[in-house]
Amino acid sequence: MSCNLDPYIFTTDTLPSDLRFLPPLANGLLGWKVFNNIMHMGGVYNGEAGQCHRADVPCPLAVKIETEDPAQHSYTLDTHTGIFSHDLRSSTVTASQSLYSHRFYPNILVMEVLLERHVTSEEPVIVNLVSSFTPQSKDIQFECSPDYKGGRHIQGQTSTAEFPGGSCPTVHLIWTPVPSTLTLPPGQTEACWGFILVVANSLEAARSSYDEGLNLMATGNLRPSHEKAWKELWLQSKVEVTGSQTLCKAVIGCMFYLLSAFPSIHDTSSCFGGVSPGGLSNGGDGQDYWGHVFWDQDVWMYPGIALFYPKLARSVLEYRVRTIDGAKDNAQKQGYKGLKFPWESAVSGREVCPEDIYGQQEIHINGDVTLAFQHYLYLTEDLSMFTEGKGSEVIFGVADYWVSRVMWNPDDQKYHLIGVMPPDEYYYNVNDSVYTNTVAKLSLQFAVELADLLQHPAPKEWQEVAKRINIPFDQELQYHPEFDGYSKGQPVKQADTVMLGYPLGVPMSPEVRRNDLEAYEPVTDPNGPAMTWGMFAIGWLELGEAEKAQTLLEKCFKNIQGPFQVWSESSDGSGAVNFLTGMGGFLQAVLFGYTGFRVKKECLAFSPLLLDENCELCVRGINYLGNQMDWLIRKDDICIVLREQTSRAGNTHPHKLQVVLKASGAKIPLTPGQPVTFPGEAGYVCKIDPPSSCWPL
């Protein structure tokens, strides 16, 4: 591909032969794969417990345009605007079909068709609209309702609740009727048609959204309001790489699809249903993890988004808060105290994993959830999330669970976690998974820290268990065994122990970090899930091994299925699609690997390392303590621009940000609007003044 082509635009003359790799269009509430007759709505599941899955919702916009005459086709996904277009050019007419999930009004999906005549003629131009839509679903028994303002209307309710006594959501669809043909009359050079689909949980919301859609069409603001919302998102974040078109397009694709899975930054409904590995467009019965929410959301997808969008980050935490009752029920059923977040979550927070062993043993999910809350606090100092937002209930409930779950061994004077499954799912019923025990330790320590911040008395057991929990380490080989009894060289499925260095941030010598990487890299399944190699790349970048990191990161490209940068879970195209987890891991390798960003309690640390002399990494919109910063990282120097400084709640003065160069100790203040450039030496730390210990209570 030519390097002067816009990397935000993915275009092709032919659709992928595997229709799973058609591009998804989503907006945090509605998800749809273009041309598919099935879509999904966030929070709408059907089936009890292990049978719970995203309910299939029929899509009236499952339409393709065709002409009688031979025509050339082109298909384009413009990630600037979130619009997919199909352009068809024959000898007489160009027909352009545009499809999008409205970014500002999340209940609305749109199809627009533009016909442009090529030559003057007294003959009408006719274009066929071929629909695969049927108003039926295996999950929802739809019934026809009276038309509303010319729009067709069906409504129905899912058949089975997530748990006994739970509610079955109602779904209303109102849409503009789609004819079988569109006609451009003789003498008319062009014409445009708009069709909207509204999906909502109540009649009132459906009618209100349909009214809004009709008004937007009448005033010509339907597409502009959508494009404005995407433009606003991209103005807040930008990750671009010069010197590698392939890498740049991959990063842009990851950002686009991840942002599509999150709600609007203007959404105040607080009904976000979380992010599943395949996004909103997938997840039907038996498909792509059934639309459930895993640790993938909190560990893999969340960090890259949180770095730019505190509000979207908070929506992930609020989703977990809304599932507290279910987490409490899970813990009680296991015979423990506190909260046990489900391995697979839907709406209630009760375990919906089809296989009991994962819900029973893959308990590291609790620490993963806590990690996201801790990351958020260090990025924002937003204590309201933990007070009025009830985040403290999550942190303290998880701590109580660990205390009740560990077992004390008087022989070695340590606490142990018995009978668990590590992130590496090739093993189960093992003891002392090093990853699980470490996230337990970290979440207990954070519970103590938060309790102190909130002046909440912390049970002494939290500190005691954190201090004495066993973290497996082989003194002779100077590396971390994956679990008690693991023999070096045993095969592993995915990134596990290597995550101790990042994202867990466990202090260790470069020798131990290297030993962990070298122990697990050659025995990791090459067909394992896509996010794995990003973690190895980050590890090698920490050690200054840019070429090794590049080689591992390039493995991820095998998971990107062209032409629309859709990810598969495995490199052979199998597994979940569109695999947001892999995108999250890849994006973190760029955002936290090449930049070296580390979100710490007292500072934002960074230590950039680029491979190519001609390569530049532009990261715009890093949001730290309410301040937005733009970074340009080159081989030999770095430029930082502080966009704006804002005061935080409870403090009339904004933070005074400064760059501290580790080697020289020099301090460089950041002033809004004034670029600061300094030479590229390893080991920078961006600190705040006053320190975070001055948080207002």
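**View 1. Lining of the second largest pocket.** The second largest pocket is lined by 31 residues, of which Leu29, Asp267, Ser269, Cys271 and Phe272 lie nearest its centre. A pocket here is an open set of points on a 1 Å grid over the protein atoms alone, where a 1.4 Å probe fits, with protein on both sides within 12 Å along at least five of seven lines, and lining residues have an atom within 4 Å of a point. The volume of this second largest pocket is about 570 Å³, taken as the space filled by probe spheres set on the points, which are joined across faces, edges and corners. Helix H1 (203–219) and helix H5 (310–322) each supply at least two residues of the lining, and H1 gives the most, with three residues. Helices (H or I, at least four residues) and strands (E, at least two) are DSSP runs, numbered from the N terminus. By class, the lining comprises 14 nonpolar, 14 polar and three charged residues, where Ala, Val, Leu, Ile, Met, Phe, Trp, Tyr, Cys and Pro count as nonpolar, Asp, Glu, Lys and Arg as charged, and the others, Gly among them, as polar.

The model is predicted, with pLDDT of at least 70 required for local features and 80 or more for side-chain atom pairs, whereas totals for chains, interfaces and linings use all residues. Residues are numbered from 1 along each chain as its sequence is written, and side-chain values use heavy atoms, with hydrogens and water left out.

View 2. Strand S14 (residues 143–148) pairs with strand S15 (residues 151–157) in the antiparallel sense over four bridges, pairing being assigned if DSSP finds at least two bridges between two strands. Ser145 stands opposite His153 in S15. Two residues lie between the strands of this hairpin, and Lys149 in the turn has a positive phi of about 50°.

View 3. Leu553 has a relative accessible area of 2%, and, leaving aside neighbours within four places in sequence, Leu553 is in contact (heavy atoms within 4.5 Å) with Leu247, Gly534, Ala537, Phe586, Ala589 and Tyr594.

**View 4. Arg598 in strand S24.** Arg598 lies in strand S24 (residues 598–599) and counts as buried because its relative accessibility is 17%. Beyond neighbours within four places in sequence, its contacts include Tyr502, Ile538, Glu542 and Phe592.

How values were computed:
Buried means under 20% relative accessible area, exposed over 50%, partly exposed in between (1.4 Å probe, protein chains only).
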